[in-house]
Amino acid sequence: MKTWRIRSAILAATTVLLFMCANVQGAAQDSKVMGQVQFEGATKVERDSGVWVDGGYVGYLKELKGHKKVLLLPGEHQISVRQSGYDNYDQKIVVEPGQTKLVHVSMHLATNAVVPDATAKLKVTIQPGRAAVFMDGAYIGHASELGGATHSLSLSAGKHKIKVELPGYRTFETDITLIAGQKSEVKTELAKGSIEQASPDIKPTPQ
């Protein structure tokens, strides 16, 4: 009986070891096939800017590391970094197998930016915080950048259209009417969904 138990234990340990080796080999193979892209920004403006890869929103710059790191197939890719009030930072990069490509992002104030007659306040409270927020068709930031107890948007009074999107979640859209001198709030938690339900604003461009 003891011999049978010992053999079973040895067999189980061997199976686990082989499984771990297979996973390590698979991870090593993946790292050889895929290339990684790292983003670097000098200021808070860059670090809070939204990042698009090949037309698809992947998150904001300072979070794209660890389990959110960007792994891409080898070849040419289009990078676009966006922030409200700033010109887009657009760059084509070439990703090599098993290598890391470092992208230094530098945002510049838009010369043709129009400053609205801000007479109303809007507080945005949205989960997940990495979701992309659009106002009247323009990207204005990620949800956690815009939300919080001390954050609010200064906007012109009147009607505005808000859209919130994140790959893997259903799009949230709402129309609001802001009144001069008053503070309003948009609060929601995105429901799980499919990337197929995403709009072209965040959906990757077919290659």
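What percentage of the 207 residues of the protein chain count as buried? In this predicted model, the figure is 34%. The chain contains three helices and 14 strands. When contacts between residues at least 6 apart in sequence are considered, 61% of them join residues at least 24 apart.

The mean pLDDT of the protein chain is 84, and 82% of its residues reach 70 or more. Confidence is highest in strand β2, at a mean of 98, and lowest in helix α1 (residues 2-33), at a mean of 42. Over residues 1-29 the pLDDT stays under 50, and for this stretch the model has zero contacts beyond four places in sequence. Where pLDDT is low, the predicted coordinates should not be read in detail.

A pair of aromatic rings is described by the distance of the centres and the angle of the planes. The count comes to three aromatic pairs. Why is the pair of tryptophan 52 and tyrosine 139 called edge-to-face? The ring centres of tryptophan 52 and tyrosine 139 are 5.0 Å apart and the planes stand at 90°; planes over 60 degrees apart count as edge-to-face, so the pair of tryptophan 52 and tyrosine 139 is edge-to-face. This pair links distant parts of the chain, for tryptophan 52 belongs to strand β2 (residues 50-53) and tyrosine 139 to strand β10 (residues 138-142), 87 residues apart. Because buried means under 20% relative accessible area, tryptophan 52, at 1%, counts as buried. Tyrosine 139 is likewise buried, with a value of 9%.

Tyrosine 139 also forms an aromatic pair with phenylalanine 134, and this pair too is edge-to-face, with 5.8 Å from centre to centre and 65° between the planes. Phenylalanine 134 has a relative accessibility of 4% and counts as buried. Taken together, ring pairs link Trp52, Tyr57, Phe134 and Tyr139 into a cluster. Two charged residues lie over rings of this group. Arginine 82 lies over the face of tryptophan 52, at 4.0 Å from the ring centre. The charged end of lysine 163 sits over the ring of phenylalanine 134, 5.6 Å from the centre of that ring.

An open sheet is formed by four strands in the order β10-β9-β12-β13, and the pairing is antiparallel. Its edge strands are β10 and β13 (172-178), each of which pairs on one side only. From one strand to the next, the twist averages 25°. Is strand β10 largely enclosed or exposed? Four of the five residues of β10 are buried, so the strand is largely enclosed by the rest of the structure.

Within this sheet, strand β9 (residues 132-135) can be followed to the strands on either side. Four bridges join β9 to strand β12 (residues 158-165), and the two run antiparallel. Four bridges also join β9 to β10, again in the antiparallel sense. Methionine 135 illustrates both pairings: its bridge partner in β12 is isoleucine 162, while in β10 it stands opposite alanine 138. Strands β9 and β10 form a hairpin with two residues between the strands, where aspartate 136 takes a positive phi near 55°.

A further open sheet consists of three strands in the order β11-β8-β14, and here the pairing is mixed. The edge strands are β11 (153-155) and β14, each pairing on one side only. The twist from one strand to the next averages 25°. Strand β8 (residues 120-127) pairs with β11 in the antiparallel sense over three bridges, and lysine 121 stands opposite serine 154 in β11.

Which residues is threonine 188 in contact with, leaving aside its neighbours within four places in sequence? Threonine 188 lies in strand β14 (residues 183-189) and is buried, with a relative accessible area of 18%. Beyond those neighbours, threonine 188 is in contact with Thr125, Ile126, Gln127 and Phe172.

Note on methods:
Residues numbered from 1 in each chain as written. Predicted model: local features only at pLDDT ≥ 70, side-chain atom pairs only at ≥ 80, totals over all residues. Heavy atoms only, no water. Phe/Tyr/Trp six-rings, centres within 6.5 Å; stacked < 30°, edge-to-face > 60°. Buried < 20%, exposed > 50% of the residue type's maximum accessible area, 1.4 Å probe, protein only. Lys NZ or Arg CZ within 6 Å of the ring centre and 35° of its normal. Pairing = 2+ DSSP bridges. Axes fitted to C-alpha atoms, helices over the stretch in contact; angles between N-to-C directions. pLDDT = per-residue confidence, 0-100. Contact = heavy atoms within 4.5 Å.
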